[in-house]
There are 2 protein chains.
Amino acid sequence: MKDTATMYIPTLADMLVAHERIRPHIHRTPVLTSSFLNGLTGAELFFKCENFQKAAAFKVRGASNAVFGLDEAAAAKGVATHSSGNHALSLAYAAGRRGIPCHVVMPRTAPQAKKDAVIGYGGRITECEPSTSSREEVFARIEAETGADFVHPYNDPRVMAGQGTCSKELIEQVPGLDAVIAPIGGGGMVSGTCLTLSHLAPDVRIYAAEPEQADDAARSFRAGHIIADDAPQTVADGLKVPLKELTWHFVQRHVSDILTAGEQEIVDAMRLIWARMKIVMEPSSAVPLAAILKNREVFAGKRVGVIVTGGNVDLDRLPWMNG
Amino acid sequence: MKDTATMYIPTLADMLVAHERIRPHIHRTPVLTSSFLNGLTGAELFFKCENFQKAAAFKVRGASNAVFGLDEAAAAKGVATHSSGNHALSLAYAAGRRGIPCHVVMPRTAPQAKKDAVIGYGGRITECEPSTSSREEVFARIEAETGADFVHPYNDPRVMAGQGTCSKELIEQVPGLDAVIAPIGGGGMVSGTCLTLSHLAPDVRIYAAEPEQADDAARSFRAGHIIADDAPQTVADGLKVPLKELTWHFVQRHVSDILTAGEQEIVDAMRLIWARMKIVMEPSSAVPLAAILKNREVFAGKRVGVIVTGGNVDLDRLPWMNG
């Protein structure tokens, strides 16, 4: 799957080019504040609302950069990925904007709502069995048949450069930040944030926030090498995937700390944001606030950018309604 | 209850003074758009998001104008109202900002969450029995004991001038609107909109949207005089109250039409806004979109401001989860 491409470390120039490239296709999302949450945390929080982004996910930044960076010949063959989450939606959205095919390999057991959303954006779904071997086999076949360009959900320099445009906007919108915190799964958003801030705002400390029940990144960070968990379970379902070599490259160099929060703390933080900020966002996006509330001393008195990564949630099954 | 005060018709100057007066205490709320909803309706919709307002309700505009317009002697005695909805919250918020007492008479049967919210903003609740006679009796006693200034939820020129600041911001934020639509209950927001637009943007058509099951304003509009319903039932619980003489004065002169929508249409529109715009708003605020979807021909091809009036909703009991 094009390992050579994944060895390229994206640069500041790549991120700047990405921002110009994707600008017509994304929202410059607003930054919201809440005096209630400031009071509660003792920090000054600036929420960068990627839940208002196209496809309701920051991942449309990286996906758009990959799609619109293809030359005409490659673009004609389309793009392909395996994902049942926001990356699939985002890649389908971006491919649709360019008018090229987007092939998505998804387990047949994925929720129908997720399949419908991909199809709604014009994606073409090929189902596989819910196993890694089936997914790889089916994906290899699709790739061979179509010649489509594989866009990995995060371990791809084009994707990482695209995600880095989010924190570029954030520091333009909010001067004088002391810190930025984002959720971490595979590390696409966090590595993009590292790429951007290490060059443009090196004094801003970068924190990652992770569910305790999927704390492979935190353990990797302490161990000094990538640790991958086998099928972790968490309400923050966007954060189950492990770091990969490219994202790890940035995480190990530029992240100040990786903070974790428990399941109930994540759900409570999510509900608090809905109730107080009146925005719809997904469980993964609540992990940073949960981590801030659990580590008040780290953030008290600081100006903190909080990346709200997405808003794709099942409105019929909100996590505080379980049981 | 100070009938002389309620006979004064607020003017453009009152609205302009109100905006200067309340500016430090309110948010200039953002305007959001959705390409999906534009596609669905054939109109260009601009959502003025008062769900992001202080106390999550436009009513904080009128309440703040009343509270901060009091002279020192009157202010020292505080303000009072009877309401179990957003007006009570908003008045408590505004009084808290000024550091004066706010007395709220509420039925003892009102949900504890509503009582807690008023108390959270520093309001002082006096409970009455759930009947008009008990409410009037208890309110008269509180007024006599405290000398507090009565601020009616809508039939008060100070409140109406305050609500008019919302559409002033909207036409500053979005040039070239063809129409504005807002929900109508007692008519506070709609009359304020009429006050402002009839002077500052007389070509903008003003529509009101109302639940079919509480369509007293629509029937009043057609009859040419105020019709009040006895205890209507609708999911849009902010819209159950009847027009009064001051709000009627503006509604009958400046509103182009009052459009209605059914209960399921309101719930569907609410869910659509949550799912697509990723904002939390209350059922009353969904009535305009429901009315637009039901009357596409009125709005197709037009630039339409849609006032999202508030975001106070019980996250444990979302209306699409009934049954």
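Guide: Let's look at helix H13 (residues 263–277) and helix H14 (residues 283–294), both in chain A of this predicted model. The axes of H13(A) and H14(A) come within 7 Å and cross at roughly 105°. Angles of 65 to 115 degrees count as roughly perpendicular, so H13(A) is roughly perpendicular to H14(A). If you wonder about those two numbers, packed helices are described by the angle between their axes and the distance between the axes.

Now zoom in on the residues. Which residues of H13(A) meet H14(A)? They are A:Glu265, A:Ile266, A:Ala269, A:Met270 and A:Ile273. Facing them from H14(A) are A:Pro283, A:Ala286, A:Val287, A:Leu289, A:Ala290, A:Leu293 and A:Lys294. Sorted by kind, the residues of this contact are ten nonpolar and two charged, with no polar ones.

To place this pair in the chain, step back for a moment. The domain assignment of chain A gives domain 1, covering 3–58 + 156–321, and domain 2, covering 60–150. The centres of these two domains, taken over C-alpha atoms, are separated by 23 Å. Where they touch, domain 1 of chain A brings 24 residues and domain 2 of chain A brings 17 residues. On the domain 1 side, the elements giving two or more residues are helix H2 (12–22) and helix H9 (157–173) of chain A. The one that gives the most is H9(A), with eight residues. That side of domain 1 of chain A divides into ten nonpolar, nine polar and five charged residues.

For another kind of packing, turn to the sheet in chain A. Four strands form an open sheet in the order S5-S4-S3-S6, with parallel pairing. Its edge strands are S5 (124–128) and S6 (149–150) of chain A, each of which pairs on one side only. Strand S3 (residues 79–82) and strand S4 (residues 102–107) of chain A are joined in the parallel sense by four bridges. To follow one link, find A:Thr81, whose bridge partner in S4(A) is A:Val104. Helix H8 (residues 132–146) of chain A packs on this sheet and touches S3, S4, S5 and S6 of chain A. The direction of H8(A) makes about 165° with that of S4(A).

Finally, look across to the other chain. In the contact between the chains, 13 residues of chain B meet 13 residues of chain A. The chain B side consists of nine nonpolar, two polar and two charged residues.

Technical notes:
Residues are numbered from 1 along each chain as its sequence is written. Chains are lettered from A and ligands numbered from 1 in the order in which they are written. This is a predicted model: local features need pLDDT of at least 70, side-chain atom pairs count only at pLDDT 80 or more; totals for chains, interfaces and linings use all residues. Two residues are in contact if their C-beta atoms, placed from the backbone, lie within 7 Å. Ala, Val, Leu, Ile, Met, Phe, Trp, Tyr, Cys and Pro count as nonpolar, Asp, Glu, Lys and Arg as charged, and the others, Gly among them, as polar. Domain bounds come from an automatic or database domain assignment. Two strands pair if DSSP finds at least two bridges between them. Axes are lines fitted to C-alpha atoms, for helices over the stretch in contact, and angles run from 0 to 180 degrees between N-to-C directions. Angles under 35 degrees count as roughly parallel, over 145 as roughly antiparallel, 65 to 115 as roughly perpendicular and the rest as oblique.
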